[in-house]
Amino acid sequence: DEQKDYANEIGGVQYGTVTDLLSFVNFLSNMQTSALQHLSKEMGVLLSKKDMAIRKGRYQVSMDVLLFPWKLTYKNPGSGLVPKGSFGKVHLAQDTMTRKRMACKLIPIENFKAADVEFQARFRHENIAELYGAMFWDHNVHLFMEAGEGGSVLEKVDSCGPMREFEIIWVAKQVLRGLEYLHSHNVIHHDIKPSNIVLMSDKAVLVDFGLTVQMTEDIYIPRDLRGTEMYMSPELVLCRGHNTKTDIYSLGTTIIHMQTGSPPWVRRYPRTAYPSYLYIIHKQAPPLEDIAADCSVAMRSFLERALERNPTLRSSACQLLKDEAINPPREDQ
Ligand SMILES: Nc1nnc(-c2c[nH]c3ncc(-c4c[nH]c5ccccc45)cc23)o1
């Protein structure tokens, strides 16, 4: 019962710091779901005074903030909701006072873990979707974040087909900047793939930090398999320890998906015949055969470096940012 009192005591939504937000989400993930059943009002911590207007301690859904099923930018049928992230449905949100448009991910409280928020709150970079606040209401944790209104790279490829090389270079550069930042803090994203890269008018950002971990030293011994099979590196599949280089391999497979419209392997090993690709990833050489036929020489050698089987020999984000493939000489120079 003291949890209920505490919940009502801290009830209400308030502005706070990242530290306040982290202690709030830890408090949430330690609460019995029962204690949260009868809360009379929403509670949470918002980081951004200029974007989100709390009124009389309230930030009510459908009053102070409206949630919309996302108008899918590329008219693909879909349920109107953004494909499920690691555990949540992503809506478009708009603050009714400031008109600020945000993404709002709803995570059922029973699936919520503080890690979902920790990394996005602690690590801020222009190529990582900014976290604006966290709020609990009606059985769901609402995570308010920077919105990629252009949708994800997966929606773009599924709707408009393979991307041209200059578009791929633009996306790869932004992802590498985000990865360089995360990797410099020994943080592994673990789920780099087209649906976790979202587009704005002037940049691309990484989303979904539900599988993210921070390495204590320069190796991470996994307890479970994290990520999405098609984009997994051989060392990750082996489960004998890996490091940040696994994200670089996943970027390589993501580039293959952007330039061909399909993840690696599936054209040569149809999903109908192969329920799992883990064995193929383990046994086969990296999927260089799946690189687009019209891929430039520079991009091909970039991919050879990103898909290098041996993570020690594989290029880092820092090295790849200097690669000529993503710094093409300007035609007019
Ligand atoms: N799993 C996850 N965790 N955080 C996010 C997220 C934060 N900001 C966002 N902005 C846009 C989209 C998005 C994904 N597919 C889309 C298709 C159409 C329109 C928008 C989108 C997703 C996000 O996603």
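Predicted model: local features only at pLDDT ≥ 70, side-chain atom pairs only at ≥ 80, totals over all residues.
A residue is called exposed when its relative accessible area is over 50%, buried when that area is under 20%, and partly exposed in between.

The side chain of Arg 268 meets that of Glu 289 in a salt bridge, at 3.4 Å from N to O. Because Arg 268 lies in the loop between helix 7 (245-260) and helix 8 (278-283), while Glu 289 lies in the loop between helix 8 and helix 9 (297-306), the pair ties together parts that are 21 residues apart in sequence. Glu 289 has a relative accessible area of 64% and is therefore exposed.

Arg 268 also forms a salt bridge with Asp 290, and here the closest N and O atoms are 2.7 Å apart. This pair, too, links distant parts of the chain, with Asp 290 in the loop between helix 8 and helix 9, Arg 268 in the loop between helix 7 and helix 8, and 22 residues separating them. Asp 290 counts as buried because its relative accessibility is 11%, whereas Glu 289 is exposed.

Elsewhere, salt bridges that share partners join Lys 156, Arg 164 and Glu 167 into one network.

A further pair is made by Arg 55 and Asp 64, whose closest N and O atoms are 3.3 Å apart in their salt bridge. Arg 55, at 28% relative accessibility, counts as partly exposed, while Asp 64, at 7%, counts as buried.

Definitions and conventions: Residues numbered from 1 in each chain as written. Heavy atoms only, no water. Salt bridge = Lys/Arg side-chain N within 4 Å of Asp/Glu carboxyl O. Buried < 20%, exposed > 50% of the residue type's maximum accessible area, 1.4 Å probe, protein only. Helix = DSSP H or I, 4+ residues; strand = E, 2+ residues; numbered from the N terminus.
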